[in-house]
Amino acid sequence: MTMSVEQLWSLPETALVGAYAEARRRYAEKKFERDTQRARLEWMRAKLFVNTPGNVTERKMAVDVSEELARKGQEVREMTRDLDMLKVDVDVIDTMIRLRGSQGVPPVHAEEAEKLAEPEGE
């Protein structure tokens, strides 16, 4: 995260919501990128399995020892770590918004609002 918790706390509400929206956008983009790479990796594994001669055990072994697939798998794991770090940023900003929201008026359900609006004598 580019900002500390103290800096987030001191931001005005509009800037905090903007930071939250930006963090969610970055998270969604990185998640899409990671999921795309994961799908490509699975496709490459399936393609290698089908194109490798031999029985099932030999094919699985060829897929398991492929250096190219191992590199791709490592890239996907690194992308997952980065994605988890972005999720932490989103969660921290979300927590800040929720903590600030507790200072305002609590939300009132429709049934409770009707009871509050009715006069006592009726």
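## Charges over rings

A charge sits over a ring if NZ of Lys or CZ of Arg is within 6 Å of the ring centre and within 35 degrees of the ring normal. Arginine 100 lies over the face of tryptophan 9, at 5.7 Å from the ring centre. The charged end of arginine 59 sits over the ring of phenylalanine 49, 5.4 Å from its centre.

## Basis

The model is predicted: local features need pLDDT of at least 70, side-chain atom pairs count only at pLDDT 80 or more, and totals for chains, interfaces and linings use all residues. Residues are numbered from 1 along each chain as its sequence is written, and side-chain values use heavy atoms, leaving out hydrogens and water.

## Nonpolar cores

A nonpolar core is a set of buried (under 20% relative accessible area, 1.4 Å probe, protein chains only) Ala, Val, Leu, Ile, Met, Phe, Trp, Tyr and Cys residues joined through side-chain atoms within 4.5 Å. The largest one has eleven residues, among them Leu8, Leu11, Tyr27, Val90 and Met96. Helix 2 (13-51) and helix 4 each supply at least two of its residues. Helices here are DSSP runs (H or I, at least four residues), numbered from the N terminus. Helix 4 gives the largest share, five residues.

A second, separate core has five residues, including Leu41, Val63, Leu69 and Val76.

Setting aside neighbours within four places in sequence, leucine 11 is in contact (heavy atoms within 4.5 Å) with Met3, Leu16 and Arg100.

Methionine 85 is in helix 4 (residues 67-101). Its relative accessible area is 44%. Methionine 85 and tyrosine 27 are 58 residues apart in sequence, yet 9.2 Å apart in space, C-alpha to C-alpha.

Notes
Buried < 20%, exposed > 50% of the residue type's maximum accessible area, 1.4 Å probe, protein only.
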